Amino acid sequence: NLNLEQIQKSLEAALCSTVKDVCSAACNHLLQRCEQLQRKEAEFERARAYAAKVLPEKKLKLNIGGQLFTTTRETLMAEKDTFFEILAGSEHWKADEDGEYFID
């Protein structure tokens with residue numbers, strides 16, 4: 001009888017240790033993911049701030065392969081991690097002499 005109690009306590013201790021290890025690993029993974037997301041959010045906000053400084057507030061003209069489109073800075077920056085959001089936040093993307101932003 002005493003032997004069964006010892007086995008039960010030993011199994012409970014092993015199970016608790018395993019659960020603790022799994023929870024600890026999951027928490028560490030979540031913390032790393034949160035840090036990654038915070039870095040991405042900071043990058044997005046830097047790009048948004050840069051775009052707010054250099055892009056016109058109202059309309060801007062996009063010359064895409066020779067075809068002109070009119071849009072707004074807000075539209076380009078509306079969704080995170082899109083081609084236009086990244087491009088609009090880039091310091092290398094400038095309007096040409098016609099005031100158009102060229103994409104080929």
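Glu 100 touches Lys 61, Asn 63, Leu 68, Lys 94 and Ala 95, leaving out residues up to four places away in sequence; contact here means heavy atoms within 4.5 Å. This is a predicted model, where local features need pLDDT of at least 70, side-chain atom pairs count only at pLDDT 80 or more, and totals for chains, interfaces and linings use all residues. Residues are numbered from 1 along each chain as its sequence is written, and side-chain values use heavy atoms, with hydrogens and water left out.

Glu 100 sits in strand 3, a strand being a DSSP run of E with at least two residues, numbered from the N terminus. Glu 100 is buried but has no salt bridge. Buried means under 20% relative accessible area, exposed over 50% and partly exposed in between, with a 1.4 Å probe and protein chains only. A salt bridge needs a side-chain nitrogen of Lys or Arg within 4 Å of a carboxyl oxygen of Asp or Glu.

Ile 103 is buried, at 11% relative accessible area. Beyond neighbours within four places in sequence, Ile 103 has contacts including Asn 63, Phe 83 and Trp 93. The C-alpha atoms of Ile 103 and Gly 65 are 6.3 Å apart, with the two residues 38 apart along the chain.

Note on methods:
Helices (H or I, at least four residues) and strands (E, at least two) are DSSP runs, numbered from the N terminus. Lys and Arg count as positive and Asp and Glu as negative; His and the chain ends are not counted.
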